[in-house]
Structures are given as structure tokens and as C-alpha cells.
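Visitor: Could you walk me through how to read a few features of this model? I'd like the general idea, then the case at hand.

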Amino acid sequence: MTAPHPARLGPADRELLLRLLDTPTAGPLENGGDTTGVRLWDAGRAYAAAAAPLGLATVRHAAPDPVELDLDDVPLTVREAAAGRPDFLACQPSLVLRLGPRLPRADTVMFNVHLDTVGGWWPATFDGARFHGRGAIDAKGPAVALLAGIRAATARDPAVGTDVAVLVQAVAGEEGGAMGTYGTRPLVREGLIGALNLFCEPTRHRCLPRATAAMTACIQVDGVDAVDDCPAAGHNATALLGHLAHHLATVLPGRVPGAGVCVAGLHTGDRHNKVYGSGRLLLNLSYGSRATARAAEAALHTAVREGIDAFRASAAAEPTLARTVEDAAQLTSVRWHKRGLPALDSRAGWADDLLTGDAGLTRWPDTEPAFTCDAIWMADLPDTYAAVLGPGDLGANRAHADGEFADLADLDRYAEEVARVLTAFAARRRAHPSAPR
């Protein structure tokens, strides 16, 4: 039996999505530092205007305060990109909308969706069944479906927007490695959250109450260059870092249960007639808890020391590497470009009952790895539950790749799920007005 007031994207919703897709919103971390072409202000205004007829009022629409970049866990890439550039933050506003009065957290549901995208833009298209465009699934499509779901929920239950408040965070600073440090985090710290908090990211409609975080380590070699005719006169950072890359890629995975290892970029130089004495190797270490993060950090330092010892042993007989072998330990250091971010593992029986029971959602399997998103900033907050829920699949829908798309049927399904979550939350409030949500 079809629910009354079905949740689906109408003509105005489809037009809004096409307009958002045609609005370039890749931030300066994604577009080589350019701020002039970032139209996040336009996207936020269009989204707020579409939400207003539903009763969603603008609580705030503002760029982040520069003090957000002074916190210790802000990634180094963000600090460097923003240094001396007030336009960096000025072009990246976040929007907060509220449906209903300002109510206690226990009576509030918050949805978080990001309007910024990765780089790469092309004109949006819709063929009647599928939207193509940057952000179609990550996450402008879910943002529009969210409004359709809220509209259906208020039609089905007048308590949504009166006895139950709905907050929508439409943020910037999710992509590009910003990790929500100046987008979502300030809003969470300001208390613009609810008892139930859902982050709109592609999960194939499965409810994921976990979000990993990641550390980025830079293994730096600082030595002396040499000409190719006299390679023994300097240090060979390429040989040393190449050895360490192989060592870490084969030894480090599996040392810390629950930690993921990605041996990423290695760079020393581009010329064929020079021995490069300096260079760097980047690694990403993902984790699901602070304890795992600490263990992974210690394991990396140990593995680097082991790798240096192995390099010295294997290269000891090669004359052109003699200086590198002798000085390897002194030349090599580990510097952290990103460290200290929280990871989410949200647990609350009432929320599981509401989402998988009352709203009929499917839970993400505990055996399947989670991924990183702005939901990490809900970690360890009292009286809250947070999960990631959205349509589509990051890989299958080509998020972050050319040809990104979202199917209308998938967005309609998500709108229906949003409506069911909100009406289920309102029903629980009526049935248990004094109980934790």
C-alpha cells in the first residue's frame, strides 16, 4: 500500500538539482587554490530559497571564522592553502536551516549534507531517469532529495516542524581533505545538532553508525644532491624512499587490527641526470578509534626504523649508496600532515530500533569497513546518535570521477526514507515524551 503524500522529487526539485549541478562548487583545495570560481554562496542561496516554502528558515549562512584553522588537528594542507588568504574561507560558507521552533536536542533531528564537490565540472543533464553532473550523488542529489523527504514528512505528520524540529546543515569544506574542520565541526560545536543526526553520503540506503578518520604521514629525507657523473658524492633519496615505500607497503598492513594502510605518493625529482638527495613519501593510515590511531602511529614509526635498517643492510655493498647508507637514519624523519581527528562509532538502542524497526532501514554490516566523512565530528557527544545514510554507491555512481550520476528512482527512494525517519521520530516522541529518543 502506497503511503499518503509519497516522497518524490517533483519538477521544481529536478530543476533545483540541475541548477545546483550547473553551479561550480569545488573549493580551493580541489581547484588549485582558485577562489574566484567557487560559487558556494550561490548554491547555498538557491538551496535556502527552495527550502523556504517548506517552512525551513535560515539560521545562519556564513563563512567560517578564521580561528577554526588554529586548532591543532587542522590538516597541514588546509593551513598552508589558507595562509595569508582571507578569500580561502570567505568563499566557503555553510548554511543551516531549521524547520520549526528551536527545541531541546532531544526533540530535534539534524541532517548534514555538503554542497561542495571535488574538482571537475561539466554541464548537468537529466534524461528523465538519470542526472549527470559533478555532485549528482556526492552530494547535491541527496541534498535535494532531503528536501523532498522533509516536505512529505510534514504532510504526513504535523508534529514534524512543530513538536519535532529539523535542522539541515548544508556545508562546505567536506571535500579536498578539509575533513569538515571548518565546515561541519564549527556547527556541531555550536550545538546545531539533534538527538538523531544523519549525514547524507552514499551508503546504498544502509544506515552506517560508524565513520573512520585518517592520519597522513610524510616520510621526509633531507640530504645532499649529486650530479649523475658522481652519484656517490651525495645522498640518494630515491633509492632510500623507494625501499621504504616497498617495506611499508608489505610490512605495515595487518600490524594493527582495524587500521588501513595506503602507501601513496613518492616524489624526489623529475630529471634523469641528477641524484636527488631529498624527497618525501606520503602514507595514509585510516582508523576507527583513537586507540587504533595511537597503535597505528607507533607501528609506523617502528616500521620506518626497521625499513632503514633493512635498507642499510641490503645496500651496504653498493659504493654509490655508501653515503646514503651511512647517513640514512639521520636523514629520515616522519612528519604528520594530518593527525588527531576523531572517529565515529555511535551506539544507542533507541536509534537502532527507530531506524531499522520503525523506519524500516537496513543496517550497514558490522563486518564491512566504514569510510571517512564529516560524521566524525559527532564522536563522543552525549545524548546524541549519528549515522551515515544516503542513496547510491561511491564507486558505482562514479563519485569523484568523470561521469558521476544519480538515478531519479534512487533519489526518490532516499526522500521516502527521510520521510519515514522523521515521522517515526515524531511518533516515538508522542509515545515516550520523557524518554531518551
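**Reading the model**

Guide: Ile308, Phe311, Arg312 and Ala315 in helix α8 meet Thr324, Val325, Glu326, Ala328 and Ala329 in α9. Contact here means heavy atoms within 4.5 Å, and helices (H or I, at least four residues) and strands (E, at least two) are DSSP runs numbered from the N terminus. By class, this contact of α8 with α9 has six nonpolar, one polar and two charged residues. Ala, Val, Leu, Ile, Met, Phe, Trp, Tyr, Cys and Pro count as nonpolar, Asp, Glu, Lys and Arg as charged, and the others, Gly among them, as polar.

Visitor: Before we go on, what sort of model is this?

Guide: This is a predicted model: local features need pLDDT of at least 70, side-chain atom pairs count only at pLDDT 80 or more, and totals for chains, interfaces and linings use all residues. Residues are numbered from 1 along each chain as its sequence is written, and side-chain values use heavy atoms, with hydrogens and water left out.

Visitor: At what angle do the axes of α8 and α9 cross?

Guide: Axes are lines fitted to C-alpha atoms, for helices over the stretch in contact, and angles run from 0 to 180 degrees between N-to-C directions. Here α8 (residues 290-315) and α9 (residues 322-331) have axes that come within 9 Å and cross at roughly 170 degrees. That makes α8 roughly antiparallel to α9, the label for angles over 145 degrees.

Visitor: How many residues does α8 have, and which of its residues are buried?

Guide: The expected span of a helix is 1.5 Å times one less than its number of residues. α8 has 26 residues and reaches 37 Å from first C-alpha to last, close to the expected 38 Å. For burial, the cut-offs on relative accessible area are under 20% for buried, over 50% for exposed and partly exposed in between (1.4 Å probe, protein chains only). The buried residues of α8 are Thr292, Ala293, Ala296, Ala299, Leu300, Ala303, Val304, Gly307, Ile308, Phe311 and Ala315. An α-helix has 3.6 residues a turn, so residues three or four places apart point the same way. What covers the buried residues of α8 includes β10 (213-222), α7 (237-251), β14 (278-287), α9 and β15 (332-338).

Visitor: Now a loop residue: where does threonine 372 lie, and what does it touch?

Guide: Threonine 372 lies in the loop between β17 (362-363) and β18 (385-388). Not counting residues up to four places away in sequence, threonine 372 touches Met179, Thr212 and Ala213. Its side chain joins that of threonine 212 in a polar contact of 3.0 Å. Such a contact is a pair of N or O atoms within 3.5 Å; within protein, one must be able to donate a hydrogen and the other to accept it, and residues adjacent in sequence count only if both atoms are side-chain atoms. At 30% relative accessibility, threonine 372 counts as partly exposed.

Visitor: Is histidine 205 buried or exposed?

Guide: Buried, with a relative accessible area of 4%. Histidine 205 sits in the loop between β7 (196-199) and β8 (206-207), and its phi is near 70 degrees, a positive value in a residue other than glycine. Glutamate 417 in helix α11 (residues 408-431) touches His205 and Leu361, leaving out residues up to four places away in sequence. Glutamate 417 is also buried, at 3% relative accessibility.

Visitor: And which residues does a cis peptide bond join?

Guide: Aspartate 138 and alanine 139, with omega about 5 degrees. Alanine 139 lies in the loop between β5 (130-132) and α5 (140-156).

Conventions. Angles under 35 degrees count as roughly parallel, over 145 as roughly antiparallel, 65 to 115 as roughly perpendicular and the rest as oblique.
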